[in-house]
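Hi,

Here is the structure I promised to pass on. Have a look at it first, and then read my notes below.

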Amino acid sequence: MSEFPKGAQAVIVGGGIVGCSTAFHLARLGWDVVLLERKKLTSGTTFHAAGLVGQLRSSANITQLLGDSVKLYKTLESETGQATGWKMNGGLRLACNQERWTEVKRQATTAHSFGLDMQLLTPKEAQDLWPLMTIDDVVGAAFLPTDGQANPSDITQSLAKGARMAGARIFEDTKVTGVTVEKGVIKGVETERGNIACGVVIACCGQWTRDFAKQVGVNVPLVSVEHQYMVTEPIEGVTSDLPTLRDPDRLTYYKEEVGGLVMGGYEPNPIMWAENGIPKGFHYSLLDSNFDHFEQLMELSLGRVPALETAGVRTLTNGPESFTPDGNFILGEAPELKNFYVGAGFNAYGIAAGGGAGMALAEWVAKGEPPYDLWAVDIRRFGRPHFDTDWIRARTYEAYGKHYTMAWPSEEHDSGRPCRKSPLYETLKDDGAVFGEKLGWERPNWFADIAGGEEPRDIYTFGRPNWHGPVGREHKAAREAAVLFDQTSFAKFILKGPDAQAALSWIAAGDVNKPIGSLIYTQMLNDSGGIECDLTCVRMAENEYYIVTGTGFATHDFDHIEKNIPVGMNAQLVDVTSAYSVLSLFGPKSRAILQKITRDDLSHEGFPFATAKTIGIAGCPVNALRVTYVGELGWELHLPVEYAVTVYRAIHEAGAEFGLRNAGYRAIETLRLEKGYRAWSSDIGPDHTPQEAGLSFAVKLKTNAAFKGRAAVEAQRDQGVKKIMTTFTAPADVILSGRETIYRNGKRVGWLSSAGFGHTVQKSIGLGYVRSDEIIDRAHVLSGDYELEVASERVPCEASLAPLYDPKMLKVKC
């Protein structure tokens, strides 16, 4: 063993597959890396993982990350000489009812969108690949040839060997007892064998990560859940090339192991573990087999694989795994502490993700940003509710139990609710509001007509859902009269200080050096020109800006702004989300309504678009922002929370004669799709530039002002783009939900990033990038013949680069 080090560029804490993969990739990037494992490599949870490697997820980039794992596993053994147990035997997924078959067909379309060859099979074709199963109840199946399986311990040891070959130093039986932080700067780690000076710490500690990170004020929302699987003795007919099998309607999965089968699953009533902390000395340890709890899965599996009834059982493995509230793992730099990175919470698919996650985390550390947009797993997707372990446990319990249930479009979670409520919550509930939840906030999605017999609850389906009609009512009111949205959940910040304007001018791509009272819509870019934030800023004073962004992006956007304030500039960022309510009044009659309850001039000349000013309503000072995300005249009214009920009532009393009604977030979605407005995290993000997204108008290239990402944006302006955001329409009876494949002249050119229904144009609408290997322009996009693959069937569609609806031109494309 080499001498214990005194220093390193980065210290990785944890020797499971993710820690070893990160060391492997970071060392290959030329970094001086030390990995410390408190006991032995794989001794936490990796050693008892089942080892299935599937690739398809609902996010294109997470699918890419899992594909990166597969690419690595294909060559790892030849590179290191260490066996991995990897075999690409493919993966089968069954559907046993028509709704599941629709889901599987949509998953196959998603796979095609992301470049995977997922094949739809008849029940008999599936049985030919997996002869041991009965198919009496099988409607159809999907097969992905590039899925596979690996031996968790072997593949981790192979990664560790490769890391050592690249220069990484790995020390087992070395417990990290603390992280040295001075004035917010990481100085090193403390261990039982001595201290190591370093500037970067990477926590890959599995289910121990939450407690370890908490020592330095970093929140990692994960908890431990018991997960069981059975290993049988050899079974006749089980061959080494048997594909992995997932049977979600029976909640179970299978893979071959030494001539027998591994069978496990995701029960609806999981058992949470270590609620009072993980026992000391827990390593290479398993929990007692819980045959009574596993019986429900066993009974379901016997109906699929009768041979299990007589098979000998070698083991029933019960090992705790770390799970997260949304079922996605956690990667990235912690917003609370610079240069403290996390790779944890892999929800029992750490082997599938390990290779790609280690690569992504290593690049994140080395280059300061991930290799591609990883918002779906970014640690900054979490917020205030995720600090409370009881809330995390309740939501994770639900997420685990839904692992194999139907993934319905627009499905909401039920647990841990209500958590954060607007002052209007009860008022809106009495009016029929059906709430959704984002970052703990209760938000009205739609309003049921209770008096008319509508039930105020979501009924999920792959067809038109029960809220389709009510949302249509709200949509119609927004276009013809007026609607009121409660958007209190908006994240709201104040940037203040002598250098506020200079700092924001550097961070924002838009021109924020505008007169007091100006409202600026802007993106914030990374050095590659990708869109990190999409928000509005109001110049409140010479040295103060009020910043408004999406509910779910509160942590992410605050972190991005704060970390990019240039060193030496005096500007402070403060989160004021909970101080203000937001009532958004939109529609052609919104001015008439609002003018009835304020003495301030609301005429276009007196209150132009993209401006803000304080007006009085019912005794309340209201910061009124003239802006829109629905394509209609209107104002966002920002006011102290204690005035919310009073102002709400005043607006409704004034609006009664004009047909004002409450509306929810699902109407916002249908309205913005008709107008072609982009949404961050779906239509735009770090992988998309303003030029590609059709947002160049919001970038200050006509000025000489420096801003982050300017060089990349200028280069792309001069060179051209290889993808262009486009709006697609399909007949009203075609159900679009996102990720449908786009074909131009018969060739796959992209997928829909968001989709829904346009109640004004009476068509299904989708937004998506038309992509090419060559530079393209608007003429290229508009000259093609287009189809969308929807649930594995192609349907004709039309492409447009203009809004489908524009009230200024009184023009509707039907």
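Helix α1 passes α8 in a right-handed crossing. Before you dig in, please keep in mind that this is a predicted model.

If you want to select the contact in your viewer, take I17, V18, S21, T22, H25 and L26 from α1. On the α8 side they meet G350, I351, G354, G355, G358, M359, L361, A362, V365 and A366. By residue class, this contact has nine nonpolar and seven polar residues, with no charged ones.

The other pair I looked at is α11 (residues 468–480) with α16 (residues 665–675). Here the axes come within 9 Å and the crossing is at roughly 55 degrees, so these two helices are oblique to each other. The crossing of α11 past α16 is right-handed. From α11, the residues involved are V471, E474, H475, A478 and R479, and they meet R666, A667, T670, L671 and E674 of α16. Which classes do the residues of the contact of α11 with α16 divide into? Four are nonpolar, two are polar and four are charged.

Next, a glycine. G784 sits in the loop that runs between α19 (778–783) and β38 (786–790). Is G784 buried or exposed? G784 is buried, because its relative accessible area is 13%, which is under the 20% cut-off. Setting aside neighbours within four places in sequence, G784 is in contact with R744 and N745.

Last, the cysteines, in case you were about to set up bonds between them. How many disulfides does a search of the whole structure find? The search comes back with zero. Take C198, which is in no disulfide: the nearest cysteine sulfur belongs to C205 and is 13 Å away, whereas a disulfide needs the two sulfur atoms within 2.5 Å. C198 is also buried, with a relative accessible area of 6%. Another cysteine, C620, is buried too, and its relative accessible area is 2%.

Cheers

Conventions: Residues are numbered from 1 along each chain as its sequence is written. This is a predicted model: local features need pLDDT of at least 70, side-chain atom pairs count only at pLDDT 80 or more; totals for chains, interfaces and linings use all residues. Side-chain values use heavy atoms; hydrogens and water are left out. Buried means under 20% relative accessible area, exposed over 50%, partly exposed in between (1.4 Å probe, protein chains only). A crossing is left-handed if the near helix is turned anticlockwise from the far one by less than a right angle, and right-handed if clockwise. Helices (H or I, at least four residues) and strands (E, at least two) are DSSP runs, numbered from the N terminus. Contact means heavy atoms within 4.5 Å. Ala, Val, Leu, Ile, Met, Phe, Trp, Tyr, Cys and Pro count as nonpolar, Asp, Glu, Lys and Arg as charged, and the others, Gly among them, as polar. Axes are lines fitted to C-alpha atoms, for helices over the stretch in contact, and angles run from 0 to 180 degrees between N-to-C directions. Angles under 35 degrees count as roughly parallel, over 145 as roughly antiparallel, 65 to 115 as roughly perpendicular and the rest as oblique.
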